[in-house]
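Subject: Structure handover

Hello,

Here is the structure for you to look through. Please open it alongside this email. My notes follow below.

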Amino acid sequence: MILHAVATPGRKADLPCLVWLHGFLGNEQEWAVFHEAFADWPQLRVDLPGHGGSADIAVDGFPGVDKALRKTLLSYNILKYWLVGYSLGGRVAMYHACQDENARLYGLIVEGGHPGLGEPQAKKNRRASDRRWAQRFRAEPLKDVLTDWYQQPVFSSLNEKQRKDLITRRSQNNPATLAMMLEATSPGVQPNLHTGLRQLRIPFHYICGERDEKFRSVAESLNLSPHLIPAAGHNAHRENPAAFRSCLLTLLRQPVEDTP
């Protein structure tokens, strides 16, 4: 099972590949705007299961997503790589980094991704919430569901134009496969990765918007100082792409030995 992806060679073939993982409702095109700025690096923009060109691929939880990702990397002969993941993509990236088969993983950059809930009741509540959203995705007009989705507090920094633009873009998705992926990768079923992430021996950078108080706290729970994107909330790479690009370039150019 190979995920749909777009691969491009880098001007400097000795650099590790940048593997881009989008968030829920997105696809590989989320990252296309950054392609030229990172043209020195080989790049692979991946469509996660249930999204974009991988819409017909179904998985059963994080192990299934990770297995598909590993097969995809192998199919492109990617021998060393950074994972760059936003939101759901960040959670997939963190899960991947905490497994035992990562000799090729060079570093991890997460934008607004949650490492997992610890309290059983919190996990139960989140499963129930995501189940309700999944039922709505299956039963109601997609545009109506997305209108409510982007009213959630985590998206409060979006202005009306940004919100309408996202609803228009996301309305091209398949509601049934979105529902499947939402339940399969709910934080309510995600393993708690805090311990594994603190033990990583590779560079691990956490990015979030300066207005994203929830995920600034998440970074601190991992004993990380988040790299803050000014004038941005949860969807920082979309709200302030220039600042996100500059931050990412700075992180990637750091000598590995100087990175905690």
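A residue counts as buried when its relative accessible area is under 20%. By that cut-off, helix α2 (residues 88-97) is mostly covered, with 10 of its 10 residues buried. Among them are Leu88, Val92, Met94 and Tyr95. Arg91 and His96 are on the list of buried residues too. Please keep in mind that this is a predicted model.

**The sheet**

Seven strands make up an open sheet with mixed pairing. Their order is β1-β3-β2-β4-β5-β6-β7. At the edges sit β1 (5-8) and β7 (227-229), each of which pairs on one side only. On average, neighbouring strands here are turned by 15 degrees against each other, direction ignored.

As a reminder, strands of a sheet pair through backbone hydrogen bonds, either parallel or antiparallel.

- β4 (residues 81-86) pairs with β5 in the parallel sense, over six bridges. Tyr81 has Leu105 of β5 as its bridge partner.
- β5 pairs with β6 in the parallel sense, over four bridges. Here Val110 has Tyr206 of β6 as its bridge partner.
- β6 (residues 204-209) pairs with β7 in the parallel sense, over three bridges.

How well covered is strand β5 (residues 105-111)? Mostly: six of its seven residues are buried.

Two packed helices are described by the angle between their axes and the distance between the axes. For helix α3 (residues 120-139) and helix α4 (residues 142-149), the axes come within 8 Å. They cross at roughly 150 degrees. Angles over 145 degrees count as roughly antiparallel, so α3 is roughly antiparallel to α4. The crossing of α3 past α4 is left-handed.

Which residues make the contact? From α3 they are Trp133, Arg136 and Phe137. From α4 they are Leu142, Asp144, Val145, Leu146, Asp148 and Trp149. Six of the contact residues are nonpolar and three are charged, with no polar ones.

Best wishes

Key: Residues are numbered from 1 along each chain as its sequence is written. This is a predicted model: local features need pLDDT of at least 70, side-chain atom pairs count only at pLDDT 80 or more; totals for chains, interfaces and linings use all residues. Side-chain values use heavy atoms; hydrogens and water are left out. Two strands pair if DSSP finds at least two bridges between them. Helices (H or I, at least four residues) and strands (E, at least two) are DSSP runs, numbered from the N terminus. Axes are lines fitted to C-alpha atoms, for helices over the stretch in contact, and angles run from 0 to 180 degrees between N-to-C directions. Angles under 35 degrees count as roughly parallel, over 145 as roughly antiparallel, 65 to 115 as roughly perpendicular and the rest as oblique. A crossing is left-handed if the near helix is turned anticlockwise from the far one by less than a right angle, and right-handed if clockwise. Contact means heavy atoms within 4.5 Å. Ala, Val, Leu, Ile, Met, Phe, Trp, Tyr, Cys and Pro count as nonpolar, Asp, Glu, Lys and Arg as charged, and the others, Gly among them, as polar. Buried means under 20% relative accessible area, exposed over 50%, partly exposed in between (1.4 Å probe, protein chains only).
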